[in-house]
Amino acid sequence: MNKVIGYVGTRDLGGMRNADIRCLDVINIAFGQVEDSRMVWDGSGAKEALAQIRGVNPGIKILLSVGGWGADGFSQGSRTAQNREKMAQSAAELVKEYGLDGIDIDWEYPCSSLAGIASDPGDKENFTLLLKAVRECLDEAGDGYMLTIAAGGDAYFTAQTDMKEAVRYLDYVQLMTYDLQGGFQKVTGHHAALYHSEGNLFDACVQKAVNGFVNAGVPMEKLILGVPFYSRKWDGVKGAGCRNGLGMEAETVGGYGGDYGELKESWIGKRGFIRYWDEQAKVPYLFDGETFISYEDCESLGVKIAYLKEKGMGGIMFWEYKCDPSGELLSFIKKNM
């Protein structure tokens, strides 16, 4: 069965709507951290919320996701067998303490200090050794505990890890096939394209990521397609008359452009913004002649769901729950999955 997986912030657990809880197969709690080679999480007040969630959907799996963009500690904590064991033991302790179903590792990224975190050439091997240690500790703690990762959705991630070996210890791999263009480029484009489009300067897309991870040794059924519930926005777009703003130089990089709920309320079809559809990339975007916004909606989700089913992937994951306050995107996903 294809899984529907969503990241939910620790503070948002208690405010989840029952209808949304029933739509989910897995919740990834965002986030725990790594401190002094230990996984830690401030779950103050979370036990009551977790009990409420399980009461609504008894079959749901709840994992603690550790890491996130700019979260340091993984490289340092995985360099020695002693520290890896320390981190793995602390993971098992958290799972037991909070009655969780497993751990999701979100190391962004092995061998890279792009997010201002420590890195080391040994991260490539140590990443696998860390997963092995966590897997073994979870197995010792009990039956059925899950171990998953969130992986960067382009070639850099498979180049900086040994996914063929790493996937042996994982239930599945969640592709962060979003933010594929934006935060580092002053060129407008799609941050979550399904396919590469002629108008898009960069070729990062879902299809490229899926092919890359399969070629790196990850079975298709262990791949989860990631989708964004938020947008990327470029201001001061130049050459506005060409391609409705796509693939054009801008004055800014593609920063955070608001979540889907905000787009519905204030941007889509309003204030001069026109919605366009890229038939090649299979994603929408907004443009008013000066500002370009790349986002996801039900039409693009429908095409991606059809794609993952055709490919035999393991399911769909989204970031993040609070970005869809009406539940429109999540209910669409559940209905079509």
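Okay, let's start with Lys47: its charged end sits over the ring of Tyr98, 5.4 Å from the centre. "Over a ring" here means that NZ of Lys or CZ of Arg is within 6 Å of the ring centre and within 35 degrees of the ring normal. Arg271 does this too, with its charged end 4.2 Å from the centre of the Trp267 ring.

Quick note: this is a predicted model, where local features need pLDDT of at least 70, side-chain atom pairs count only at pLDDT 80 or more, and totals for chains, interfaces and linings use all residues. Residues are numbered from 1 along each chain as its sequence is written, and side-chain values use heavy atoms, leaving out hydrogens and water.

Now, rings with rings. How many aromatic pairs does a search of the whole structure find? It finds 20, counting rings of Phe, Tyr and Trp (its six-membered ring) with centres within 6.5 Å; planes under 30 degrees apart are stacked, over 60 edge-to-face, the rest tilted. Take Trp69 and Tyr109: the centres are 6.2 Å apart and the planes at 65°, so this pair is edge-to-face.

Trp69 is partly exposed, at 48% relative accessible area, while Tyr109, at 10%, counts as buried. The cut-offs, with a 1.4 Å probe and protein chains only: buried is under 20%, exposed over 50%, partly exposed in between.

Another edge-to-face pair is Tyr178 with Tyr230, 6.2 Å centre to centre and 80° between the planes. Both Tyr178 and Tyr230 are buried.

Last one: Trp69 and Tyr109 also belong to one aromatic cluster, together with Phe74, Trp107, Phe127, Tyr156, Phe157 and Phe213.
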